[in-house]
Structures are given as C-alpha cells and as structure tokens.
Amino acid sequence: MCGIVGYIGKQKASAIILEGLKRLEYRGYDSAGIAIQKNGRFEVAKKAGRVEGLIKSTPALKISGTSGIGHTRWATHGGVTDANAHTHLSSDGKFALIHNGIIENYAGIKKFLLTKGYTFQSETDTEVLCNLIAYHYQKEPATTEGSRFLECVRKTLRHIEGAYGIAVMCSDCPAEIVSARKGSPLILGVGDNEYMLASDVAAIISRTQNVVYLKDGEILHLTARDFSISTLEAEDVSPVIDRVTWSIEDTDLNGSAHFMEKEIFEQPAALENTMRGRFAEDGSTANFGGLNISPVDFRQIDRFHFLACGSAWHACLVAEHLIERFARVPVEVDYSSEFRYRNTPLGKNALFFVVSQSGETIDTLAAMREAKRKGYMVLAVNNVVGSTIARESAGGIYQHVGPEIGVASTKAFTSQLLVGAMLALYIGRMRDMSFSDGVEYVNALKGVPDIVRRTLEQAPHIREIAKRYAHYHDFLFLGRLSLFPVALEGALKLKEVSYIHAEGYPAAEMKHGPIALISENCPSVFLVPSGEMFTKVVSSMQEIKARKGRIIAIATEGCELPEGVADEVISIPACHEAVLPIVATIPMQLLSYYIAVELKRDVDKPRNLAKSVTVE
Ligand code: M6R
C-alpha cells in the first residue's frame, strides 16, 4: 500500500518521479504528492486524487531541481484530503518526508512533540516522523564526521514501532536523500550517474535494470555521486546489485484497454513460463530447483500448511484439494491474518508454504515469521523476484509470470493454481502415484497454455453475456470440490472490479441458506464439470431454476445439460482434473472484466483497493 519514489541525479527530478508514481499507482491511488529540492528549499505539490490530477493542477511541478521524492497514497490514518497527502514537512520546514506503512506509536510521539512546540498540519501518523527527525536534528550538535542528517534519521527510527518505507530530504543537505525500511518494501535503482529509490521495480525500470533490494532495518544514504547502506545499529552493509530480467514493455498496456485485459490474455504465455524447465527428464513428475530441501527430507513431510490472503488463499484451497487427492497427504490452509493469532496445533513433520504474488503482503509475511519462530521450514510461492517473502523464506517457487499491474489478480492466480497442481504431482509421485499416471498428469499440464488459449476464444461470447447481466446487483458463484475455491475466486473478482455483491459457495451448500437470495434478480454462475459431480451440480441448478433464478453455466464441452436448466452456457474444453480449476477460472475473469467495463468501472484501480497490502 502506498508507493514511494525518490530521484537524485543530473536530470530534472519532477518528470522522472511523476513517471515513477504513475507506475506505482496500483499500490494506492487516493492521493499523490511530490517534493523537489532546489537551492536548499522544497517545492511541494500534493493533492487528493490520482497522479494525473496532481500533474494537471500543479504548476510547481515545472521546477527544475535534480533531487526529489514522491508518493502515491492508500489512506490509513486520516481521510483522503490534500493535507493528508504526502510529502509532509517538519514544522520548522527543514525536512520533507514520504512514508509507506503505519507508525503504531505515533500518538505518544505526537503528544511529546506537541509539548516541544512542534505543530501538525495533517491527521496522519507519518507527520510525527518528520517532526521527530527535526527534533533530533535540532538537538544534535553539528559535526563534520558522518552525516548529521543520516544519524538523526537513524536515531528517530530507533523510537519507531510499526512498519515503514520512508524517504527523507533535509534542506541543509541539498543533494542527499535518506531512505529506510522496516516491513514495507524498498529498492534502490543504480542508474547512469543517478539513483532512484522506490517501493517497487516498476517505478525505476525505465531508467535502470540494476537494483539493490534493501532488507528490513537497513538505511540507505544517497548523494548525487554515490550511495551507502547501513543498519539501524550503524553497521555498514555491502550492497548486492541484482539485474532485473523484465523490461519497461512488460509494464505497458501495449494496446490493451486495461492491464486486467492484458494480463488475462497473457495467461497462455505466463503459464508456459511458470512451467518452463520444471518437469523431470522421464516426463513423469515435476522438478523444482529452488526448494532447498532434499527429496528425501521432503518425503518425510506428513502435513503441509499453506498460508495466504485473497486470491492466493483461493489458490491454496485448490492446492489442498489436489495434494490430498493425488498425494494423499493432509493439507491445512489458513488465512495468513488468522494463522498469526490462532494457536493451531502443528505436527512434527510439517512444512509450510506461503503463497503471495507480491511477496510483500504484510499478513502473509507476519504469518511466515510466526511459522519460522515455531521452528518450521517455510517455502514461498511468489511472483516478484527479490520480494521480502522470497528473501525470508528457506526456498520456494517463483511464478515467473512477469509484473501483474491490474489490482485484480488474474495471471498470477492461475499461475498459483498451476504451481499447486505441480506440487500435487511432485508429492504424489513420491508416494503412490504410478509412473504412467505421472506421465499422463505431466502431459495434461504441458497442454495448459493451449487449452487456456482455446478458452480465451470465448471472449466475444462472454462479452455479450456480460452486457446482459451487468445491471444485476447480486450474484452467486457455485462449484464443487476443486471448483468451489474457483467459485470463491469468481465472486471475489466480480466484487473487486464491478462493485457488484457476489458470494461463492459449494454448489450443494447453497440450499442451506443462500438459496433464500434466489429470485429472478439474483443470477447464479455454476461451474459444471463433466464426470462424477455432473448430475449433482445439475440437481443444484434445477433447484435454482425452480425458484426462477437465472443461470450462467460454465460447462465442460460435450456435457448434455437438460433443456432449459441454463440461461447462458459458456463452454470450456474437457481437461485433466488438475487442469480444470485453471480452465474454469478464465471465463469468470472475462465475465467480471466485461461487466466492469460495461459499468465503466476503473478496472485496474478499483475503489478502496491496492495491489499490495502492506498494512495489517
Ligand atoms: O500479493 P499477494 O498475492 O499476497 O496478495 C494477496 C491478496 O491481497 C490479493 O490476492 C488480492 O485479493 C487481489 N486483489 C485479488 O484479486
């Protein structure tokens, strides 16, 4: 939540920072602000609303300083107002600061600072930070050794409880930025005679692919000529410069109307990338290079725990189904936010997987730390290379689907489903799954990109259905077994991007309550696979029809649905059981997307949401 950017170099900073902010808007888009430093003074512009609004309304942005900081906000403390937008200045005007995170002990610090005469212009927790830095700075004697500015930030942060990614400028130090992180992401881009700091690679990728991922508790000191990293305890850190493999084109719309559309249609290629190089030579199982646990030790695991939030949690529920079905090993799935505070009895030989597209979701990060604290090995399924979760895990599986910019997860979700299916195969083949069943399973997975491509051909048909159904206010999404979590995901997708109320349920469970919602005004989306569940699901459909409910059926090709039981049918290709959840997801993504477009929603930046939830 919230995106931060900083620039120091030889170019005009404002244009570069604003470009970076636009690329970080998916992290929060309530308000935006920028501060440029020139000749020892700050030019600040900030405004409620999008970055574009800030650009249009603020002549101050034409200023030509070569260092500055910028912020795009997802409000926590204080409403969406110009005053609460960042950058914040200390009351003596000496410090300008941006912040991503939550300062938990801000109230006590504010009380203290008020007694010292400091004043506050906003309702934010952030403003205490710059005033506390100003307080320490004013107390600290001027010194020629080290940077007084840097040391005062360090001293301030030692008093801070909570999470932060910050960047600070000091009017006495015109060509310096100090930045730090704890719990919120922060990266440094090392460019040609310039440096950029940001919450995420997307903000800097147009200028450099050389990146340093900062760790929690590290402080970055930037000047126009060089940079240094140290810890809160003032120990020097040797930086490791990584090379980002994706490029600026990956973060552009490239002709699509929205990132959500682009990312839905990228799925065949994205899924191909998730699988690449991950099958054993004999073609009967999966291979994961980064698990960092030997097959022998992995074989000893008798219970898997999966932790995640949102769509990733739905992916875990599908993984649970597939692992228990194909490998016969018990799996527990928890919301990360619940696991942290529950005292779940855990077995001796348990292994944890945390699943997170961004690798920065604070609840999942905290749950992971809790599992580690209890002595368990934690592996990560994660898309963003170098994320905090990736770095703090003992190993894991990168999804390799490229940047996902749309707030609603699409390609990252199906990739997580695929990783879950591959894990079920890997664990299954260590146990009872035969060689020939393994080969059949692998061949089915290899066919996923093609089968997804064929499913995407339904887009024009689904668009027409979306036009007919966009005016409804309530939807039910119903599926069974591995398609129940897919129904949950369908309901979440519709809610997120169209603001239409939707609920996901196991199809048979519907008659235990939700059926009370059914009328001609509440359509149901049924996931109807061929096979043993077909007749059961059709019975549930009949129960809805008997109550005048409209039905959109997403049904396997060739299934003979009884006459009149569905008002709309979207066909999906017949496929292996492990592949079915992926294929069944595609029409629901398209349905949600087209309904949102029909309703003229802000598809990529739905209200109240942010891509990466870095506050509890
Ligand atoms: O980055 P993560 O996978 O940890 O994110 C988890 C959820 O916040 C995320 O899946 C959220 O539910 C999406 N907006 C779903 O579309």
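Student: Which atom of Ser409 lies 2.8 Å from an oxygen atom of the ligand, a side-chain atom or a backbone atom?

Tutor: A polar contact is read from a pair of N or O atoms within 3.5 Å. In this predicted model, a polar backbone atom of Ser409 stands 2.8 Å from a ligand oxygen. Two further pairs involve side chains: an N or O atom in the side chain of Ser356 is 2.6 Å from an oxygen atom of the ligand, and for the side chain of Thr361 the corresponding distance is 2.4 Å. Taken alone, the ligand exposes 410 Å², of which the protein buries 90%.

Student: Which residues come nearest to the ligand?

Tutor: The shell is read by listing residues with a heavy atom within 4 Å of the molecule. There are 13 residues around the ligand here, and Ser356, Gln357, Ser358, Thr361 and Glu496 come nearest. By class, the shell divides into 4 nonpolar, 7 polar and 2 charged residues.

Student: Which helix supplies the largest share of the shell around the ligand?

Tutor: The largest share, 3 residues, comes from α9. Helices α9 (310–326) and α17 (483–498) each supply at least two residues of this shell. As for the site itself, the space that the ligand takes is the second largest pocket.

Student: Let us turn to the backbone. Where is the peptide bond that is cis, with omega near 20°?

Tutor: For a peptide bond, one reads the omega angle. The bond from His86 to Thr87 is cis, with omega near 20°. Thr87 belongs to the loop between β4 (67–73) and β5 (88–89).

Student: Which residue other than glycine has a positive phi near 70°, and where is it found?

Tutor: That residue is Ala234, with phi near 70°. Ala234 sits in the loop that joins β13 (227–231) and β14 (236–237). A second case is Asn292, which is not a glycine and has a positive phi of about 55°. Asn292 is located in the loop between α7 (267–275) and α8 (295–300).

Student: Why does Asn292 count as exposed, and why does Ala234 count as partly exposed?

Tutor: The class follows from relative accessible area: exposed means over 50%, buried means under 20%, and partly exposed lies in between. Asn292 counts as exposed because its relative accessibility is 56%. Ala234 is at 40% relative accessibility and therefore counts as partly exposed.

Student: Is Ser540 buried or exposed?

Tutor: Ser540 is buried, because its relative accessibility is 3%. This residue lies in helix α18 (residues 534–545). Ser540 and Leu478 are 62 residues apart in sequence, and their C-alpha atoms are 9.2 Å apart in space.

Student: How are sequence separation and spatial separation read together for Glu272 and Val381?

Tutor: One sets the number of residues along the chain beside the distance between C-alpha atoms. Glu272 and Val381 are 109 residues apart along the chain, and their C-alpha atoms are separated by 16 Å. Glu272 lies in helix α7 and counts as partly exposed because its relative accessibility is 34%.

Student: What distance separates the C-alpha atoms of Val44 and Ser311?

Tutor: The distance is 38 Å, for two residues 267 apart along the chain. Val44 is part of strand β3 (residues 41–48). With a relative accessible area of 29%, Val44 is partly exposed.

Conventions. Residues are numbered from 1 along each chain as its sequence is written. This is a predicted model: local features need pLDDT of at least 70, side-chain atom pairs count only at pLDDT 80 or more; totals for chains, interfaces and linings use all residues. Side-chain values use heavy atoms; hydrogens and water are left out. A polar contact is a pair of N or O atoms within 3.5 Å; within protein, one must be able to donate a hydrogen and the other to accept it, and residues adjacent in sequence count only if both atoms are side-chain atoms. Accessible areas come from the Shrake-Rupley method with a 1.4 Å probe; for residues, only the protein chains shown count as cover. On a 1 Å grid over the protein atoms alone, a cavity is a set of points where a 1.4 Å probe fits but cannot get out, and a pocket is an open set with protein on both sides within 12 Å along at least five of seven lines; lining residues have an atom within 4 Å of a point. A molecule sits in a cavity or pocket if more than half of its atoms lie within 2 Å of its grid points. Helices (H or I, at least four residues) and strands (E, at least two) are DSSP runs, numbered from the N terminus. Ala, Val, Leu, Ile, Met, Phe, Trp, Tyr, Cys and Pro count as nonpolar, Asp, Glu, Lys and Arg as charged, and the others, Gly among them, as polar. Buried means under 20% relative accessible area, exposed over 50%, partly exposed in between (1.4 Å probe, protein chains only).
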